Amino acid sequence: SEFQPPSTEIITLTRHVLAEQFRLGVAATGDLTLLLNAIQLTSKFIATNVRRARLINLVGLAGDTNVQGEEQKKLDVLSNDIMVNALRASGKTAVLVSEELDEAVIIEDRYKGKYCVVFDPLDGSSNIDAGVNIGTIFGVYQIRPESQGTIEDVLRPGSEMVAAGYTMYGSSANLVLSTGNGVNGYTLDASLGEFVLTHPDIKIPPRGKIYSFNEGNSLYFHTPTINYLNSIKYPTAGKSPYSARYIGSMVADVHRTLLYGGVFGYPDDKKSKKGKLRLLYEAFPMAFLTEQAGGTATTGTKRILDIVPTSIHERTGVYLGSRDDVEEVIKFYEAEA
Ligand code: AHM
Ligand code: MG
């Protein structure tokens, strides 16, 4: 067998984002690239801590309760601090919204830039201590013209985001990103310390065979949800029922949905009247990625990216995934209306 030299064409995330900007001929100031560099750094740092959590006593509760009344895990708190510090220091941000912080962070003048970042530093908390996949979710807005950076800059529909993505901490760290021209996936090469392009131009299959819901909430589900789930579990003769896959980490469940297709759902129900997932830093970024990959994201009655948030920690019902599957969900809502 012949010696194969390693490829000298390493396409890192930074190189890829720059190449996209050259390709599109957009006047790049480098600001977004620097912001994304800061986000990448936080993902590398969080990935390292997630890997080492068991060894360095990071497993367990921090002893505090966050704004949603949930107990905070040590890794949640640490990941939040990592992100706030790095994003502030990048000099490219004006407003930060974190799941872990009650109030938005308005960046002081000396560090102020033109981007607003909304994020869930470590999503899927219930999976942390078991070593199951967790992730960071983020969305990026540009401040409005003339704005100095206020909360109004992030109380805008998800369709106005300029970038969105997540990093999944699993058997490898995978960063999936869209800057509004499709979706790309990068895998952390730990030896290089770089996210390398491994999943170019991710497209969700138009139809899948997997559904991903917490069916333990069935007692509370509204009729359209129940009817939809029945339709895929007990299909008309000749069709096969769908497979169930539910990890309970949105990042992991959405990641699989982007790659394999199918439908991920966390609907509003009789108990969680507004749904569970947070609009700004969970639903919006994932809806943005889903649409950029050719899929659909809806509350059941409304396109998620069209919602205008009224508060930063607002919740919403979510269905997202393969276009044809989500269209069927919507039909069950229309039938009920
Ligand atoms: P968290 O932000 O407290 O981690 O909650 C969000 C998570 C999502 O990752 C996941 O989709 C959902 O909550 C799972 O909820 P449940 O445990 O009710 O199925
Ligand atoms: Mg979360």
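Predicted model: local features only at pLDDT ≥ 70, side-chain atom pairs only at ≥ 80, totals over all residues.
Helices H1 and H2 form one packed pair. Helix H1 covers residues 13–24, and its axis lies 10 Å from that of H2. The two helices pack at an angle of about 155°. Angles over 145 degrees count as roughly antiparallel. H1 and H2 are therefore roughly antiparallel to each other. The crossing of H1 past H2 is right-handed. On the H1 side, the contact uses Leu13, Thr14, Val17 and Leu18. On the H2 side, Thr33, Leu36, Asn37 and Gln40 take part. By class, this contact has 4 nonpolar and 4 polar residues.

H2 spans residues 31–52, and H3 spans residues 74–89. Their axes come within 9 Å and cross at roughly 155°. H2 and H3 are therefore roughly antiparallel to each other. H2 passes H3 with right-handed geometry. H2 supplies Ala38, Leu41, Thr42, Phe45, Ile46, Asn49 and Val50 to the contact. H3 answers with Leu75, Leu78, Ser79, Ile82, Met83, Ala86 and Leu87. The residues of this contact divide into 11 nonpolar and 3 polar.

Helix H4 runs over residues 223–233, and helix H7 over residues 323–336. The axes of H4 and H7 come within 9 Å. They cross at roughly 135°. That angle makes H4 oblique to H7. The crossing of H4 past H7 is right-handed. Thr223, Pro224, Asn227 and Tyr228 make the contact from H4. From H7 come Glu328, Val329, Phe332, Tyr333 and Glu336. This contact comprises 5 nonpolar, 2 polar and 2 charged residues.

The shell around ligand 1 holds 14 residues. Gly124, Ser125, Asn214, Gly248 and Met250 come nearest to the ligand. Two elements give two or more residues to this shell: strand E5 and helix H5. Strand E5 covers residues 112–123, and helix H5 covers residues 250–260. By class, 6 residues of the shell are polar and 6 are charged. The other class, nonpolar, has 2 residues in the shell around ligand 1.

One annotation comes from a sequence record. An unreviewed UniProt entry places the feature "domain: Fructose-1-6-bisphosphatase class 1 C-terminal" at residues 204–333. In the model, this span is 36% helix and 15% strand. The end C-alpha atoms of residues 204–333 lie 23 Å apart.

Conventions. Residues numbered from 1 in each chain as written. Chains lettered and ligands numbered in written order. Axes fitted to C-alpha atoms, helices over the stretch in contact; angles between N-to-C directions. Helix = DSSP H or I, 4+ residues; strand = E, 2+ residues; numbered from the N terminus. Parallel < 35°, antiparallel > 145°, perpendicular 65-115°, else oblique. Left-handed = near helix turned anticlockwise from the far one by under 90°. Contact = placed C-beta atoms within 7 Å. Nonpolar A, V, L, I, M, F, W, Y, C, P; charged D, E, K, R; others polar. Near = placed C-beta within 6 Å. UniProt positions renumbered as here; feature names shortened; annotations may be inferred.
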